[in-house]
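Subject: A structure for you to explore

Hello! I am passing a structure on to you, and I would like you to look at it before reading my notes.

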Amino acid sequence: MHQTLPGVGRSYFNMREDPHEQNNLVDQFPERQSELAELWNQWNAGNQQNVLMQAYEYQKARQDFYKSLYDARVKQAKERKPIVVK
């Protein structure tokens, strides 16, 4: 089994010695990467996908909602008369 990450490909890193993932060790340890990929896929098969956070329409509606709230607050601030202290 060869697990491939989008935009990354197959990878295997020593996170203790290489926390910034600069040295891909997959060619040196292909069996270990395959073993870990299989464990990941077994675990991930039981997870439910978060369709709301991944859906473009949801993200767009969410961004539009918060922008409308922000725009309303900016408008209120611009219309507010300055406080005068006597």
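Below is what was found, going from the whole chain to single residues.

First, some ground rules: this is a predicted model, in which local features need pLDDT of at least 70 and side-chain atom pairs count only at pLDDT 80 or more, while totals for chains, interfaces and linings use all residues. Residues are numbered from 1 along each chain as its sequence is written, and side-chain values use heavy atoms, leaving out hydrogens and water.

**The whole protein**

There are 3 helices and 0 strands here, where helices (H or I, at least four residues) and strands (E, at least two) are DSSP runs numbered from the N terminus. Along the sequence the pattern reads α-α-α. Of the 86 residues, 13% count as buried. Buried means under 20% relative accessible area, exposed means over 50%, and partly exposed lies in between (1.4 Å probe, protein chains only). The protein exposes about 8100 Å², and carbon and sulfur atoms supply 55% of that area; the areas come from the Shrake-Rupley method with a 1.4 Å probe, and for residues only the protein chains shown count as cover. If you look at contacts (heavy atoms within 4.5 Å) between residues at least 6 apart in sequence, 26% of them join residues at least 24 apart.

**Helix α1 and the segment before it**

In the segment before α1 you will find Glu21. Its phi is near 50 degrees, a positive value in a residue other than glycine. Glu21 counts as partly exposed because its relative accessibility is 42%.

Helix α1 covers residues 30-45, and its 16 residues should span 22 Å at 1.5 Å a residue; the expected span is 1.5 Å times one less than the number of residues. The end C-alpha atoms are 22 Å apart, which agrees. Which residues of α1 are buried? They are Gln33, Ser34 and Ala37. These three cover an arc of only 95 degrees around the axis, so they lie on the same side of α1; the arc is that of the directions from the helix axis to the C-beta atoms. On the other side of α1, Glu31, Gln42 and Trp43 are exposed.

**Helix α3**

Side chains of opposite charge can pair when their charged atoms come close. The structure holds 4 salt bridges, each a side-chain nitrogen of Lys or Arg within 4 Å of a carboxyl oxygen of Asp or Glu. Among them are these:

- Lys60 with Asp64, the closest N and O atoms being 3.2 Å apart. Lys60 is partly exposed at 38%, and so is Asp64 at 39%.
- Lys67 with Asp71, at 2.8 Å from N to O. Lys67 is partly exposed at 49%, and Asp71 at 37%.
- Lys75 with Glu79, at 4.0 Å from N to O. Both Lys75 and Glu79 are exposed.

Why are Lys60 and Asp64 about one helical turn apart? Because they are 4 residues apart in helix α3.

Finally, Phe65, Tyr66 and Leu69 make a nonpolar surface patch of about 320 Å². Patches are made of residues with over 30% relative accessible area and no salt bridge, with like charges joined within 9 Å and nonpolar side chains (Val, Leu, Ile, Met, Phe, Trp, Tyr) within 5 Å. Tyr66 sits in helix α3, residues 56-79.

Happy exploring!
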